[in-house]
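Subject: Structure handover

Hello,

Here is the structure I promised to pass on.

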Amino acid sequence: MEEYPEELRTPPVTLAAMVGCADLHPLISTHFLSAQPPINTLALPHLSKIYLFERKPKDSNAEVPPLPPTVVGGILKKDWLLKHRTKVPAVLGALFRAEHVFGDPAQWNNVCSDLDSIKTVIRGRNIKLAVVIIHTGAEEITEDKMIALRKRADVDAKYIVGVTTRLPAIQRLVEIKFVSEQLNFKICTLLLHSGKVTESVAWFRQHKNAYKRLVGTPEAIFLHWEWMSRQYLVFGELLETSSKTAQIFPPITLGSASKLLSEWEFHPAYYYQLAAHYLSEKRSALELVISTTETSSDTDTVDSVVPSTYVGQFARLLELGDNVDMMALTDEEYMRYAVSEGRRFRDSLEIIALLKKAYESFNSGNIQRMAALCGFQMGKEYFSEGDTDNAKQIFDSIAILYRKEGLQRDTGPAGPASLIQRETVHKEVFDLVTENSALETNEQLSNLKITEDKSLQLQVDLASPLSLVMIALVAFHEQTMKPGSLTSISVSLLSNLPHTVEIDQLEIQFNQPSCNFFVSNAQKPQSVGVTDNQQRRVETSTSLTLEPNKWLKLTYDITSDQSGKLECLSVIAKIGPHFRICCKAESPASLDNLPVWALDDCIQSVPIKDNILVLSGQKTIQVEEPEPQVDVRLGAFGPALVGEIFLVPVTVISKGHDVYSGELKINLVDVRGGGLFSPRENEPHALDSHHVQLLGISGPEGEEDSHLDSDKIKQVQQSFGLISVPFLKDGDSWSCKLEIKWHRPKPIMLYVSLGYTPNNESNSQMVHVHKNLQIEGQNAIELNHHYLMPFRRDPLILSKNKQASESDLSQSLPLNQKTLLIVSTKNCTELPIRLKSISIETEGDVERTCSNLHGNEEFSSPVLVAPGREFKKVFSMSSDNISKLVLGNLCLTWRRDFGVEEQSASTAATWPWVVTKQKLPDMDVELPPLIVNLECPPYAILGDPFTYYIRILNQTPLLQEIKYTLADAQSFVLSGYHNDTIYVLPKSEHILSYKLVPLASGLQQLPRFSMTSVRYSAAYQPSTSSNSVFVFPSKPHFKNAASTNFRVESVANE
């Protein structure tokens, strides 16, 4: 359908033109575009533009060079519809103002002249003329002028288009069919767009009947079948895509009562199927033509054939120098082209596609037999193409449908059997299987006698045609039940046979064999021998007679001691000593799905009167587990800390049951659902490949070996464990401890399930107890470190960023200088923590490069760190004659604090020390060219002057030019240079001294010193902490004044 141009596939669009009164054109155009459907307009501002619609004159005097015979004129040009959409309007509106029409004679003559010019231009173009008078109300309109205006604007008669007959016979018929195809497509599209589906179907029937017998010559008959196939395919697609297509339409009459439209003609699948049929006819006809026609070697003629200017015509393309022209084809040349085109395409694939569309469309409308017919034809096509797999799959599905319908239809040679005939046949069959004495004299049936070694059993389910014999519906009256309690079950039987069936005994079977029971017919107590049923339940019913199309309902109580799902599997009816009918049990809710209701004229009824039971009654019931009389307790001491082995006590206490064959299942599950496995770890056996890991299980306290024996621990995995629980008497208890380790902070849910039997019997029901506990995993400590130089001694490290702030940590340390490493340990939990040691250890065989490391000793006693508090340790080191400082790992030994239990030896053994390691980064070491020392007293006294020394040490063999600045401070009065340039000799020290007088008490900032090395373009500023001093308001009195290393110098003493 997409091969047709847009002007054929879409509704028509009217094109109107306007001339005169240009100021009104925008208003009129806007109004036309808002119409439904919209109207396109061509606005001509002046009458001189009217000549755009005039036909182009042919120059009869022009000399035309001789050319080969060209293509003859056809019926319909390809661009005819497009031209009338965009170029040639359907109506031309001439706009005149009223004062020009009804004014003085000179203006009237101009109007008449304009009308004559317009009529001359549009003559022969099939353009309607409309005269529009723009009247403002001031002019008087006379009837005489209106009559004269209508006469002046009259149009000529319509021209009649003729059909050319100059084409050869085969091509002439091809052209006629192509033109009619496009016109039919346009008409059907318009009717369907207007919602006239019935009229569209009727028109298509008229169209295909008109051309059905125009097959043409025998050698070109395959073109006719291809054209017919295309008509059905396109109309089927149009019908399918129409939004207003209904499923059933009332038939209409086409001329006589014998031409009613059938319901099939409104289904798209009907047209797809016929399209495939005619395409198959085309394939056969084409194969016959190919087999009887000699293969031509003239491929140039075939390759140069192209569609002509007119619809349905073909021509041969000729190149004459720079000019290109088209030459008409003979019928022989056209047939060679058509056969060549037919060989290019594999019709079988297109036939399969059409049949598949019909198959799917019929299936969607639940028209199974027609879908099966299309499937059968599609399977034949697959088989002819060598695709046996698809062919077999389709044939199997069709065979199942045919077999099902064939078995469900009880038909004879003369058609369906009557009710009396069916009753007679069925009664003879039941007399045979029940060994009726009336048949013993029948010699023909003597060889069909059923004996004990030749018993007969029928299996009946929903798909079986024997469901006419008997169906069984089973419904429990409750959805759940307690073990050992009673509940009711209803068994309903129905037979669609035309005669009464007498059942001797029923057996109701369940998935739990202990629940099976029998129902015996009280009228035939000795008819069936019960073998090995002494320990099975047997009920008695007053009657087990199945009347035609009447339900037999039986209700009994049932109990079960086994938890889980209890399901009724089947109902077995015993008729006679050797005949049984085994019906699969169904729920009442599945009654609508039984195929039996579609086969006989019987009224559907429900055997159960309770509406709630009809909707909720099922053939299954859930037997709950018995109430456990054993308790499982889980204990945990606060949150788990990352790195430690967290112990979870599990206690099993018997409170009424003995515990036999007990098993304890442990599962660790991520609370957030992300999984406990870490995808960042590539090594499958890494210890920390799981965020949380179940390490093991320890036995009860007080035992010599705290770990359980291997025979008690059946399995322990990363997040799962299975433990055997020993035998426990009523009142006894047993406990163990789960060892769980967190490698990452993550909350988990611990699930513990205990399964046991309350007695030692082999068929004892397992009882389960389920407990769970959510445990939060937290980081215990946070380690930080930083390096410090001696107080008020700062080296100038060239690798530092000149604009680095005080908080930035340098990656380089000064060479041959003492350095302090400050390690900070913060307690991040809500529990107190004991620290045993903080040390620095080398990693593997890597040698430590620093010398004189101090502070690596263990604490004399564990240090207590409260929640949220920090503990700091200072390491002193020096880096002499090295280029990189390699320390190793920072090792922290800790565990949680238990308060008064901390002194208990058992607690210390249960909760071992945890070692947390953190890699210390390697530090680059470089020689600082300059070192600045700031010297001042440890404190100052308000109003007393003191000396402030600034020592600049040059460690290089070069002369250093230093520019320095000492800023003023509000709290001090100073004497000395504020800024200057000095030169420091190689390997020497330059001292700057200032006298400062404090003006305010408290912690005060000293005058800020900054300097710049001209050689290295490096700046220096001391830190804020090193540039402050505390000022006392008066001289303090210390108890041990000799402990200070500094003295306050007074100006008066110097």
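A salt bridge here is a side-chain nitrogen of Lys or Arg within 4 Å of a carboxyl oxygen of Asp or Glu. Bear in mind that this is a predicted model. The structure holds 26 salt bridges.

Lys 357 and Glu 237 form one of them, with their closest N and O atoms 3.5 Å apart. This pair links distant parts of the chain: Lys 357 sits in helix α13 (residues 347–364) and Glu 237 in helix α9, 120 residues apart. Lys 357 is partly exposed at 29% relative accessible area. Glu 237 counts as buried at 17%.

Helix α9 (residues 221–241) also carries Arg 230. The side chain of Arg 230 meets that of Glu 181 in a salt bridge, 2.9 Å from N to O. Glu 181 lies in helix α7 (residues 169–193), so the bridge ties together parts 49 residues apart in sequence. Both Arg 230 and Glu 181 are buried.

The strands have a pair too. Lys 771 and Asp 631 meet in a salt bridge of 2.9 Å, N to O. Lys 771 is in strand β32 (residues 767–775) and Asp 631 in strand β23 (residues 630–634), 140 residues apart. Lys 771 is partly exposed, at 30%. Asp 631 is buried, at 16%. Both belong to a network of salt bridges that also includes Arg 633 and Lys 655.

Now the cysteines. The disulfide count is 0. Cys 188 is buried, with a relative accessible area of 0%. Cys 736 is buried as well, at 1%.

Best wishes

Terms used. Residues numbered from 1 in each chain as written. Predicted model: local features only at pLDDT ≥ 70, side-chain atom pairs only at ≥ 80, totals over all residues. Heavy atoms only, no water. Disulfide = S-S within 2.5 Å. Buried < 20%, exposed > 50% of the residue type's maximum accessible area, 1.4 Å probe, protein only. Helix = DSSP H or I, 4+ residues; strand = E, 2+ residues; numbered from the N terminus.
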